[in-house]
Amino acid sequence: MLQDVLHNIYNKLRLSFSQAGENSDGKGQDLTSVEKSSMETISVIGRPTVAQFARAVHISAPNAAYRVASLVKKGYLKKTQSKRDQRTYFLVPTARYEKYISSNESYIQELSEKVRERFSQEDYDKLVEMLTIIDEELMPQSDIISKGGNENATDEGTKEDN
């Protein structure tokens, strides 16, 4: 039963998120599903290098570089040079991407408000507690998400390379 409920919730979230960005700037959806998935991964990792992105999605470095170049060209991603090692560039989503996915955030906020309204404070607090345990203890394969990205997040870039 729990497995069925988790599948249903996952599928509803996935469907909602797959519709993100449609007609976001009057041009229709201009990201392919592979590009959208790539942007989601880059966003979740938090400022990866091209090599880190390639490892995260299990693709070759040239394939990752091709995807990154396409996303930079479309204006969804920028490359920011490291202060520590000027040979290194971090991948950073742009304001255009943030606008593109804003419907996801709106949906999560709306769902959170509905949950708060529907349940008592005690049930709400218990749900948050249980979901936090699932997030932090039972899903270790997704560790990078709960840590808020990678170690590159503290190395602010000095130069953008588009």
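1. Which residues in H3 meet which residues in H4? Val50, Phe53, Ala54 and Val57 in H3 meet Ala61, Ala64, Ala65, Arg67 and Val68 in H4, where contact means heavy atoms within 4.5 Å. By class, this contact of H3 with H4 has 8 nonpolar, no polar and 1 charged residues; Ala, Val, Leu, Ile, Met, Phe, Trp, Tyr, Cys and Pro count as nonpolar, Asp, Glu, Lys and Arg as charged, and the others, Gly among them, as polar.

2. On the basis of the note: this is a predicted model, in which local features need pLDDT of at least 70 and side-chain atom pairs count only at pLDDT 80 or more, while totals for chains, interfaces and linings use all residues. Residues are numbered from 1 along each chain as its sequence is written, and side-chain values use heavy atoms, with hydrogens and water left out.

3. The axes of H3 and helix H4 (residues 61-74) come within 9 Å and cross at roughly 110°, and H3 and H4 are therefore roughly perpendicular to each other (65 to 115 degrees). Axes are lines fitted to C-alpha atoms, for helices over the stretch in contact, with angles running from 0 to 180 degrees between N-to-C directions; helices are DSSP runs (H or I, at least four residues) numbered from the N terminus. The crossing of H3 and H4 is right-handed, the near helix being turned clockwise from the far one by less than a right angle.

4. Helix H2 (residues 33-45) and helix H3 (residues 50-57) have axes that come within 10 Å and cross at roughly 115°, which makes H2 roughly perpendicular to H3. H2 passes H3 in a right-handed crossing. Ser38, Thr41, Ile42 and Ile45 of H2 make the contact with Phe53, Ala56 and Val57 of H3, and these residues divide into 5 nonpolar, 2 polar and no charged.

5. H2 also packs with H4, at an angle of about 90° and with the axes 11 Å apart, so H2 and H4 are roughly perpendicular to each other. Here Val34, Glu35, Ser38 and Met39 in H2 meet Arg67, Ser70, Leu71 and Lys74 in H4, a contact with 3 nonpolar, 2 polar and 3 charged residues.

6. The largest pocket holds about 2100 Å³ of space. Of the 36 residues that line this pocket, Ile9, Tyr10, Leu13, Phe17 and Ile108 are the closest to its centre. The elements giving two or more residues to the lining are helix H1 (2-18), H2, helix H6 (102-118), helix H7 (121-138) and helix H8 (143-146), and H1 gives the most, with 11 residues. The lining of the largest pocket divides into 23 nonpolar, 8 polar and 5 charged residues.

7. On the pocket terms, a pocket is an open set of points on a 1 Å grid over the protein atoms alone, where a 1.4 Å probe fits, with protein on both sides within 12 Å along at least five of seven lines, and lining residues have an atom within 4 Å of a point. Grid points are joined across faces, edges and corners, and a volume is the space filled by probe spheres set on the points.

Notes. Angles under 35 degrees count as roughly parallel, over 145 as roughly antiparallel, 65 to 115 as roughly perpendicular and the rest as oblique.
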